[in-house]
Amino acid sequence: MRLFDSHCHLDDKSYQCDREAVLERSRAAGVMGFMVVGINPLTARKAIQLAETHSGVYASVGVHPHDATHCSDAVLEELVDLANHEKVCAWGETGLDFNRMYSPIDVQEKWFERQLDIAARLDLPLIFHERDSNGRFLEMLKSSGRDSLRGVVHCFSGNRREMLAYLALGLHIGITGIVTMQQRGTALRDLIPLIPDDRLLVETDAPYLTPAPERNRKRRNEPGFVRSVLLKVAEIRDTEPAAMAEITWQNTCRLYGLTDV
């Protein structure tokens, strides 16, 4: 059973002392593909370095809404240059986050719109972040001038209406360890059966959102724990885990244009 963690942050400082061991444990758990997601130029460069030095590891570049305050034309130009690297397969993590408000709304929207345009010009799939935007994120996607979009709404935790709207736009849905959490994951578990087979991805968002089976022992999430996410999704969809793993593997490779994993 081969697994693909479609969204993780292996560049995070929490892995500084044992990153190689984390990768070894992940591979032992069946994780053979890793998308290390950049959220600013510094993390994008780190993600690319990891991808250069480890098989099965790929990178994305982008500006997270939390970092929008620090975005500029120069920053985007640097990211465009980084996107030329052969191991960069996506643009993002980008989007809107009106929850913690680390960046003002107008600033988030300005640079999000710019990144939508850049990703289209570079023909890269998008990795989206959305939190508490009260419909504005979806509104901006619909007004982007594109009938369909290539990308994934990572760490999806919205409602049925939002999910169906994302699917109608051609997007994939990324499922994290939230699905394993007894109370927090209740609504998400009800929506899992509505996702078409070819639009479903599994992810950890490591080092965040440790799945319930591991939360009792580990505070920090690891890509290897995507196995617990996959098993819960397979259970909900009444699908054999090996078959579910292959479905999500193929979906991830197809979205990111990977043929050599």
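One definition before anything else: I call a residue buried when its relative accessible area is under 20%, exposed when that is over 50%, and partly exposed in between, with a 1.4 Å probe and protein chains only. The areas themselves come from the Shrake-Rupley method, with only the protein chains shown counting as cover for residues. Now the caveats: this is a predicted model, where local features need pLDDT of at least 70, side-chain atom pairs count only at pLDDT 80 or more, and totals for chains, interfaces and linings use all residues. Residues are numbered from 1 along each chain as its sequence is written, and side-chain values use heavy atoms, with hydrogens and water left out.

Cys-155 is buried, with a relative accessible area of 16%. You'll find Cys-155 in the loop between β6 (151–153) and α6 (160–168); helices here are DSSP runs of H or I with at least four residues, strands are E runs of at least two, and both are numbered from the N terminus.

On to the charges. Side chains of opposite charge can pair when their charged atoms come close. My cut-off for a salt bridge is a side-chain nitrogen of Lys or Arg within 4 Å of a carboxyl oxygen of Asp or Glu. Searching the whole structure turns up twelve of them.

Here's one: Arg-220 to Asp-18, 2.9 Å from N to O. That pair ties together distant parts of the chain, 202 residues apart: Arg-220 sits in the loop between α8 (212–215) and α9 (226–236), and Asp-18 in the loop between β1 (3–8) and α1 (19–28). Asp-18 is partly exposed, at 24%.

Next, Arg-25 and Glu-222, bridged at 2.8 Å, N to O. This is another link between distant parts, 197 residues apart, with Arg-25 in helix α1 and Glu-222 in the loop between α8 and α9.

One more bridge: Arg-45 meets Glu-78 at 2.2 Å, N to O. Arg-45 is in helix α2 (residues 41–53) and Glu-78 in helix α3 (residues 73–82), 33 residues apart. Both are partly exposed, Arg-45 at 37% and Glu-78 at 29%.

Last stop, the surface. Arg-100, Arg-131, Arg-184 and Arg-215 form a positive patch. Patch members have over 30% relative accessible area and no salt bridge, and like charges are joined within 9 Å. Arg-100 lies in the loop between β4 (88–97) and α4 (105–122), and it's partly exposed at 49%.

Definitions and conventions: Patches are made of residues with over 30% relative accessible area and no salt bridge: like charges are joined within 9 Å, nonpolar side chains (Val, Leu, Ile, Met, Phe, Trp, Tyr) within 5 Å. Accessible areas come from the Shrake-Rupley method with a 1.4 Å probe; for residues, only the protein chains shown count as cover. Lys and Arg count as positive and Asp and Glu as negative; His and the chain ends are not counted. The place of a charge is taken as NZ of Lys, CZ of Arg, CG of Asp or CD of Glu.
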